[in-house]
Amino acid sequence: KSPVGKMSAFPTYEKEFRVSLETINEKITEWKRGNQGRLSTEIDGELELLWDNVDSMEKLARSTYGQEELNEKVQDYKRQAAELEKTWATTRGRNRTGARNTDDILKASSTRLDDIKRLGAETEEIGENAYTRLRIDREKMENSIEIMEEIGDDVTAAGSSLSRMSRRALTNKLLLGGIIVILVLAICIIIFARWVLPKISPSEPSFNNTTATD
C-alpha cells in the first residue's frame, strides 16, 4: 500500500480501538455489579482484539516513514491498553480473593457449625447420663425410704410387743407377789394354830379333867 493508503487505514484502527476500549470498560463495570457469567471470557476476548488492533497500528506506524505523530499515538494506545488490562486483572484478582475469602468464611462457618453440633451431641449425652444417674439415685432413695418405713413399722411392732411383755411381766410379778403373800399368811396361820394357840389356851384341858372327875 502507498503511504496515503496506510494513513487512511490508521483512523479506522483508532476508531476500532476506542470502541473496544469503551466496550471493555462497560463490561468490566457490569462484571463488578455481579453479572459475571460469560463476561470474563468476553472481556478476555475483547482485550486480545484490543491488543491486535494496537499491534496493527504499531506495524502501520513503523511502515510509514516520517510519521512520528503516529508512533506517539501508538505508544499512548499501548499505555491505555496496558492500564485497562491491569485494571481488569486487578478487578478479577480481587474477586477471586473475595471468593477465596468467602470460601474460607464458609469453611470456617461450617467448621464452627460442626463443632457446635458435636458440642450439642456431647451435651445431650452428658444430660442423658446425668438424667440416668438421677433416676437411679431416685430409685435408690425410694427404696431407702421404703426400707426405713419397714424398719419404722418393725420398730413400732417391737415397741408394742415390749409394752405387752412389760405389762405381762408386771402382772406376773403381782401374781407372784400375791402368791407369796398368801403362802406367808398360810404358813403363819399353820404356825399359829399348831404352836402358838395351844400355849395361850391351857384351861381347856383342866376343864376336861374336872368333867371327867365328876
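Mentor: One cut-off before we start: a residue is called buried when its relative accessible area is under 20%, and exposed when that value is over 50%. Also keep in mind that this is a predicted model.

Trainee: Fine. So is tryptophan 88 buried or exposed?
Mentor: Tryptophan 88 is buried, because its relative accessibility is 2%.

Trainee: How many aromatic pairs does the structure hold?
Mentor: There are two aromatic pairs. In one of them, the ring centres of phenylalanine 17 and tyrosine 77 are 4.7 Å apart and the planes are at 35°, so that pair is tilted.

Trainee: Where do phenylalanine 17 and tyrosine 77 sit in the chain?
Mentor: Phenylalanine 17 is in helix α1 and tyrosine 77 is in helix α3, 60 residues apart, so the pair links distant parts of the chain. Both phenylalanine 17 and tyrosine 77 are buried.

Trainee: And what about the rings of tryptophan 31 and tryptophan 88?
Mentor: Their centres are 5.1 Å apart with the planes at 80°, which makes the pair edge-to-face. Tryptophan 31 counts as buried because its relative accessible area is 3%.

Trainee: Changing topic. How many salt bridges does a search of the whole structure find?
Mentor: Eleven. One of them joins the side chains of glutamate 14 and lysine 73, at 3.6 Å from N to O. Glutamate 14 belongs to helix α1 (residues 3-32) and lysine 73 to helix α3, 59 residues apart, so here again distant parts of the chain are linked.

Trainee: Is glutamate 14 buried or exposed?
Mentor: Buried, because its relative accessible area is 7%. Lysine 73, at 30% relative accessibility, is partly exposed.

Trainee: Which residue does arginine 138 meet in a salt bridge?
Mentor: Glutamate 142, at 3.2 Å from N to O. Arginine 138 and glutamate 142 are four residues apart in helix α3, so about one helical turn separates them. Arginine 138 is exposed at 57%, while glutamate 142 is partly exposed at 38%.

Trainee: And which residue does glutamate 139 meet?
Mentor: Arginine 135, in a salt bridge of 3.4 Å from N to O. Both lie in helix α3, four residues apart, about one turn of the helix. Glutamate 139 is partly exposed, with a relative accessible area of 38%, and arginine 135 is also partly exposed, at 38%.

Trainee: Which residues are linked in a network of salt bridges?
Mentor: Lys27, Glu42 and Glu46.

Trainee: What does glutamate 58 touch?
Mentor: Val74 and Lys78, leaving aside residues up to four places away in sequence. Glutamate 58 is placed in helix α2 (residues 39-63) and is buried, because its relative accessibility is 15%.

Trainee: Last thing, the surface. Which residues form a nonpolar patch?
Mentor: Ile187, Ile191, Phe192, Trp195, Val196, Leu197 and Ile200, with about 660 Å² of accessible area together. Tryptophan 195 lies in helix α3 (residues 68-200) and is partly exposed, with a relative accessible area of 49%.

Trainee: What sits over the ring of tryptophan 195?
Mentor: The charged end of arginine 194, 5.6 Å from the ring centre.

Key: Residues numbered from 1 in each chain as written. Predicted model: local features only at pLDDT ≥ 70, side-chain atom pairs only at ≥ 80, totals over all residues. Heavy atoms only, no water. Helix = DSSP H or I, 4+ residues; strand = E, 2+ residues; numbered from the N terminus. Buried < 20%, exposed > 50% of the residue type's maximum accessible area, 1.4 Å probe, protein only. Contact = heavy atoms within 4.5 Å. Patch = residues over 30% accessible without salt bridge, like charges linked within 9 Å, V, L, I, M, F, W, Y side chains within 5 Å. Areas by Shrake-Rupley, 256 points an atom, 1.4 Å probe, with all protein chains shown as cover. Salt bridge = Lys/Arg side-chain N within 4 Å of Asp/Glu carboxyl O. Phe/Tyr/Trp six-rings, centres within 6.5 Å; stacked < 30°, edge-to-face > 60°. Lys NZ or Arg CZ within 6 Å of the ring centre and 35° of its normal.
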